[in-house]
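Trainee: I would like to learn how to read a structure that I have not seen before. Could we look at it together, one feature at a time?

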Amino acid sequence: MTTITLLGLEHSVYTRIARLALEEKNVDYVLEETDIFADDGPPASYLEKQPFGMIPCLVHDGFTLYETTAITRYIDEGFDGKALQPRDPAQRATMNQVISVLMPMPIAPWCGTFMCSALRFPSMAMSQMKP
Ligand SMILES: N[C@@H](CCC(=O)N[C@@H](CS)C(=O)NCC(=O)O)C(=O)O
């Protein structure tokens with residue numbers, strides 16, 4: 001039986017992005033709360049999986065993967081169910097453009113920027129997010 005564990009934190013935006021992909025694809029998984037912000041740093045066992053000590057990290061039958069965009073694409077492409085990414089090259093490129101702009105931003109401005117765009121240009125923001 002396939003076992004998928006997502007190591008992260010419930011309140012982490014990046015963990016939630018990976019969880020959204022898992023939920024949308026109806027993939028069974030276990031969320032393993034991993035406190036990288038503990039006083040003595042990320043658990044040593046976690047650093048063996050994710051050397052930068054950042055969350056999330058996915059483990060699928062012994063295969064370990066980190067970086068949220070890599071995780072979400074792996075989930076989309078590796079499992080049955082509805083496609084989460086557009087097939088059309090221009091639409092997929094636009095999706096990647098939005099991801100490239102948003103992902104490196106620190107979390108607070110990221111949330112602010114996205115919320116502002118969603119509020120000011122709701123149809124554009126939402127249509128760019130749809131598969
Ligand atoms: N590039 C990483 C960024 C993930 C990230 O920034 N996660 C935050 C928590 S939501 C983190 O691990 N922060 C710890 C740190 O910056 O040391 C990804 O896309 O997965």
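Trainee: Which residues make up the largest nonpolar core?

Mentor: Keep in mind that this is a predicted model. In soluble globular proteins, nonpolar side chains tend to be buried together. Here the largest nonpolar core has nine residues in all, namely Leu6, Leu7, Ala18, Ala21, Ile55, Cys57, Leu58, Ile71 and Ile75. At least two residues of this core come from each of E1, H1, strand E3 (57–60) and helix H3 (68–78).

Trainee: With which residues is Ala18 in contact, leaving aside its neighbours within four places in sequence?

Mentor: Ala18 is then in contact with Leu6, Gly8, Pro56, Leu58, Thr68, Ile71 and Thr72.

Trainee: In what sense do strands E1 and E2 pair?

Mentor: Strand E1 (residues 4–8) pairs with strand E2 (residues 30–33) in the parallel sense, over four bridges, and Thr5 has Val30 in E2 as its bridge partner.

Trainee: How do the elements of the chain run from the N terminus on?

Mentor: They run β-α-β-α-β-β-α-α-α-α, and the secondary structure comes to six helices and four strands.

Trainee: Which residues are around the ligand?

Mentor: The residues around the ligand are Ser12, Val13, Tyr14, Ile36, Gly53, Met54, Ile55, Glu67, Thr68 and Met103, and by class this shell has six nonpolar, three polar and one charged residues. Ile55, one of the residues around the ligand, also belongs to the largest nonpolar core.

Methods: Residues numbered from 1 in each chain as written. Predicted model: local features only at pLDDT ≥ 70, side-chain atom pairs only at ≥ 80, totals over all residues. Near = placed C-beta within 6 Å. Nonpolar A, V, L, I, M, F, W, Y, C, P; charged D, E, K, R; others polar. Pairing = 2+ DSSP bridges. Core = buried A, V, L, I, M, F, W, Y, C linked by C-beta atoms within 7 Å. Buried ≥ 20, exposed ≤ 12 C-beta atoms within 10 Å, placed from the backbone. Contact = placed C-beta atoms within 7 Å.
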